[in-house]
Amino acid sequence: MSQKTIFKKIIDREIPAKIVYEDDLCLAFEDINPQAPTHMIVIPKKEIASVDDLSEEDEALAGHLLLAIREIARRLGLSDGYRVVTNCGRDAGQEVMHLHFHLLAGRGFKWPPG
């Protein structure tokens, strides 16, 4: 990645974010444009552009991210359910080219999502 993304700047503490979870491998923070009453962004600290850019060496990291999402949901008391979304590429709606998951809760969701 040639230029720092907004997510890398959050990881590096160059711009503020309301961080709700952090460990050695990932970081989660409140979305600045929430699409649900609860809307967190979960990112790896390793710079990976999207799901398409994961490699075999990232297998443990990918699993760790999902377990971190589960832990964040538990800490937030999201026992009624939540949605996890990741977009891959511009046509899918990915705006920041740093792998990230949206953790959404607090309202009903429809299927298909749109």
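Reader: Which side chain meets that of aspartate 12 in a salt bridge?

Author: This is a predicted model, in which local features need pLDDT of at least 70, side-chain atom pairs count only at pLDDT 80 or more, and totals for chains, interfaces and linings use all residues. Residues are numbered from 1 along each chain as its sequence is written, and side-chain values use heavy atoms, with hydrogens and water left out. A salt bridge is a side-chain nitrogen of Lys or Arg within 4 Å of a carboxyl oxygen of Asp or Glu. Here the partner of aspartate 12 is lysine 8, with N to O at 3.1 Å.

Reader: Is lysine 8 buried or exposed?

Author: Buried means under 20% relative accessible area, exposed over 50%, and partly exposed in between (1.4 Å probe, protein chains only). Lysine 8, at 16%, is buried, whereas aspartate 12, at 30%, is partly exposed.

Reader: Which residues are linked with these two in a network of salt bridges?

Author: The network links Lys4, Lys8, Asp12 and Glu14.

Reader: With which residue does lysine 45 form a salt bridge?

Author: Lysine 45 pairs with glutamate 22, their closest N and O atoms lying 2.8 Å apart. Both are partly exposed, lysine 45 at 23% and glutamate 22 at 37%.

Reader: What is the partner of lysine 46?

Author: Lysine 46 forms a salt bridge with glutamate 57, at 3.0 Å between the closest N and O atoms. Lysine 46 is partly exposed at 34%, while glutamate 57 is exposed at 64%.

Reader: How many salt bridges does the rule give?

Author: The count comes to eight.
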